[in-house]
Structures are given as structure tokens and as C-alpha cells.
Amino acid sequence: MSVVEKLQKSAVASLNSLFGQAFTAKDFQVNQTKPEFEGDYTIVLFSLVKSLKLSPDAIGTQLGDHLVQNNPALFTKYNIIKGFLNLTVADAYWMEVLHNNYSNIHFGTQTSNGKKVMVEYSSPNTNKPLHLGHLRNNFLGWSVAEIFKANGYEVVKSCIVNDRGIHICKSMIAWQLFANGATPQSTHTKGDHFVGDYYVKFNDEYKRQVEELKAGGMKQEEAEKEAPIMKATQQMLLDWEAGKPDVMELWAKMNGWVYDGFDITYKRIGSDFDKTYYESKTYLLGKKTVEEGLQKNVFYKEPDNSVWIDLEKDGLDKKIVQRKDGTSVYITQDIGLAQDKYNEYKIDQSIYVIGDEQNYHMKVLKLIAEKLQLPNAENIYHLSYGMVELPTGKMKSREGTVVDADDIVDEMEKVAQEKTEELGKVKDFTATELRELYHTIGLGALKFFLLRVDPKKKMIFNPEESIDFHGFTGPFIQFNHARIKSILRKAGNVSGELSVVSGEASFLPLEKELVVALEQYPTIVQQAGDEMNPSAIAIYVYNIAKTFSSFYTEHSIANAETEAKKQLRLQLAAMTANIIKSGMHLLGITVPERM
């Protein structure tokens, strides 16, 4: 139980005892005391005024006296400032927190709660490489999954590969037209990049054909429909759904190239999945469910044979669920996938990490699932996030100007190398160790920068800004972790019972500030899970690193005033390092032992 939970419990007991009314922790607010006032935690008294018909100061005096008298091991004194009851927590309590947890690498994690969640993320198309937007998606999904694990959930990390549809047919047609049998091996190109190049070639040729038809007198809209390359692509999609052997063979070959490329990128960025679904399989159950939905009158058929759902009464529009030619749309496979997930894993919650441009689509999916009475439909949750842009503007894959994930990681490693060499502290590293260090710093900077912002907010990614060893960055935290590990290596074993004996091991202000912050870690992990928001962890871990840095600037550990002080500071350092490592792990970031 955290100190805040103990305070809430004690305050409820005191209020009930003093005033003979039934109170709960929701009846008042507890905050950390502002630095300009004496105390550790503050009870805001104004919400109690109405029910008790007393002034805030009168309530505060009675409550403060009762709390200190009845909880001497927890509170030593109090003061009241304009309706705020500031309580000082006993040094002995903080000493106990420190001694019990400084070597506990599992501090902040919970035991199993018996619940199971699935977090779906990445969800790439097989017509192009992963890009910057996919990186935010992967990092967010992976981190949320780990945060759920830390909160006691059984977690299934999943990915749906959009391996069928018009987009992959575009790359296939372009390959048939322009490749002359070329392969990733023959061109020495990474598989996903190779296939992505043909998606761009398709678009270039399509534009050229449309302009040619327009020059012959055709209107834009008609030219877009009549362009031979687009007609060939639509026919290929029909042939694919009909299982035409040569189409299926080419489809499997080109997707295989892409998967080889994806695997390299996933390994490099530290993304992994317990289960990978493929749209080419899930859409079949979706089509079957569309037929069942027609029989239940959830869906209806238009005269042209297309199938729709009318959601106007629910404040949305009409939505197509199957095309007139019988081919499926995105929502068709999503309906199938929602059932596959539950049938296989019996999950309590199904979380979809998908960009905010799909907010409408996800509302429609949940509504359809509820109207079809699919199991667990009410526990579908869309973790929506804002788009990532570069200082140069938005990315578009159709134009071939997309920023590939691989290129970004390369760039980050290069910047990490330049910045590290500027500092000149890696003379004793081998070439292999340096490569690993640059990757750790570069990828850590990238992940931290993309995760430090609330997921719902759009953001601009700036590589240079993200690798600053002094700012709100991953490398700043990594550097402080490495510095603490160096201190601990030089000090040898951390040991010794700590006690508040004649004040020799009591806390100085910066020591107290650090231990109070460290004790909050489990609460932050829980908050990040409740909100599905890794930025809560990122902000917290940064503040811990910053607080330690301030403490260490003022107070020597090796040359502490007494042995008791040295042990206290070593325990503070050890607990700080463990929490930084644990928190950064929840963000998918490795912290080096030395830098």
C-alpha cells in the first residue's frame, strides 16, 4: 500500500471517528505538498466544508491532531495553510520504504489479477515498408502491453497483417509490368523496400495513364476508373478471391519478400508479437458473418448487390460491409478478426492501437459487433493516437516520399554516434560495444521522444532534439542510469540496516525529495495502465533522473559525512537505478551499464 493510500485510509478513519459520518477517499483530494510549504502530502479540505458545516481551518485542526496522535509511525506533524492540511510523513517510514525496496527489481509490479487483455498493434500493409507512423504505433502498443503486464494482466500481443486487397494487387501488377523478373536478392534490396518501390511505380504509371486519357477528352473521374492499370488491378483482386493459381503464387511470393523485410525491422526496433493474424484468413469469417447479419436484418442489400449497415440512428452514417462484386472491405475482415480473437483467447478486453484517422471506422466496428451480439463486443477499445510528422510536413506513401522506419533508425544511430563522440567518453569501448551503444542510445532516443507525448496528441519528430544528453530525452535518462551504475560499481556492496538514530541517518531535503518520488513508482505504473498512457511513465522516469542528478550534484556518496549516510545514499542510488531500468523497460528502452 502506498503512502497516499495509507493517508487516505487513515483520514477516512479519523473523519468517521471525529464527526460520526460515513466518509470515503473520494470525499477529499490528496496532493503532494507544494515545495514552498512544509510537509509531504496535503489534504484539500474545501470539499468537506458543506457536509461538516465547519470552516476548512477548524476541520484541518481536528483532523491533523487526530491523524498525528493516532498514526505516530506515519505522521510527525502538520500545518494548515488556507484550507490545505499539510502532513509531514515520519522519516522512519521513508527509511523503511528505502530499506525494504532498494534491491527489489520487481518494485512497482503487481501479482496476477486473473484478467487477460489483447493489445493489437503494428498492423502493416504488405505493399510497403514500415514508416515513422508505424514506429509510434509499435512503440505505443508494445509499451501499453508491458504496462498491462506490470499491473498483473496476462497479455497477448497481436498483429494483423493486411496481406490482401487492392493495395497489394497494385504492387503485384506493377511488378508484372516493370520488374523483368527482378527479386530482392537480384537487386540486393530489402524485401519490404523492394515491394514498396513497385507500389510507387504503380502510382506513377496510373497517373500517367489518367493524364493520357484526359488528353484524349475523358473527364478526370472517368479516366481514373478506365485507366488500364487500375482495371487490371481490380481484375487481379477478383482473381485472388477466386483463388486463381498464378495470382496466388505471385501474391505468396511478394508477401514472403515483405515478411522477410518486416522481420528484420521488428527485430531491430524490439517489437514482437505472441500472435500474428492475416487478413487473407480473417476476412473469410467476416464474409460468413455478413451473411448471418443479413439473415438477422442487421445488414441490408442494395439493388446493386452491395451489403450495408444503417447506423444513422446511432449518429453515424450508412457503411458498406461488402462490395457489389462480393469482395470484402476492411470492416469485413475486422468483424471476422474480432471473433477470432475472442474465440481463441477468451480475452477480457480487446485493445486496438490505431491512428486517430480511423476513429470513425473503430466506432462503426464496435457498433456492428454489438448489433451482431458478438461475444465481448462491449470490451472492444480503440487506443487512438495522433499522427507523427517531420519538421518538413506530412508523409504520403503513394508519392514515394514516406519516411521509412529503417532510414529513421539509421539516422538516429548516426546522430547518437556524433553526439557521443563529441562528449569523448568512450575511448575504452570496443568497436562492437560502440555499435551496440549507438543503437541503444539512438533507438532509446527515438522511442522516448515518441512516447513522452500523450498518445492522443499529434506530434512533430525532430531527430536532433531527441538526442540531447541534457534535455527531456531518453539519452539524458540513460546517461544518469550509467552514472549511478558506475557509482555503485566503485562503492562495492550496498548493505546495512538504516535507522533514524540521533538523526545521523535522517534525510536531508534532496534525499527526502528523492525517496518520496521513488515511493510513487507503483502508483505511476497503475496510472499509466488505467490511462493506457506510457507518457506518464516517461515523465516520471525523467523526473526521477533529474531529481537524482540534483541530489548527486549537492551530496557526495563516496565521501559521505558518516558510514550511515553513505549507506543511505547508496540505497537511494540503487533504488533509483532499478526504477529507471524498470520504467524504461516499460517503454521498450534499454539502459546501458556504462556510457
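Phe262 counts as buried because its relative accessibility is 2%, buried meaning under 20% relative accessible area, exposed over 50% and partly exposed in between (1.4 Å probe, protein chains only). The model is predicted, so local features need pLDDT of at least 70 and side-chain atom pairs count only at pLDDT 80 or more, while totals for chains, interfaces and linings use all residues. Residues are numbered from 1 along each chain as its sequence is written, and side-chain values use heavy atoms, with hydrogens and water left out.

Tyr266 is also buried, at 8% relative accessible area. Phe262 and Tyr266 are four residues apart in helix α11 (residues 245-269), about one helical turn; helices (H or I, at least four residues) and strands (E, at least two) are DSSP runs numbered from the N terminus. Rings of Phe, Tyr and Trp (its six-membered ring) pair if their centres lie within 6.5 Å, and planes under 30 degrees apart count as stacked, over 60 as edge-to-face and the rest as tilted. The whole structure holds 21 aromatic pairs. Phe262 and Tyr266 form a tilted one, with 6.2 Å between centres and 55° between planes. Ring pairs link Tyr121, Phe262, Tyr266 and Phe273 into a cluster.

Strand β5 (residues 116-120) is largely enclosed by the rest of the structure, because five of its five residues are buried. Lys116, Met118 and Glu120 lie on one side, Val117 and Val119 on the other. Strands pair if DSSP finds at least two bridges between them. Five bridges join β5 to the parallel strand β6 (residues 154-161), and four join β5 to the parallel strand β11 (residues 349-355). Lys116 stands opposite Glu154 in β6, whereas Val119 has Ile351 of β11 as its bridge partner.
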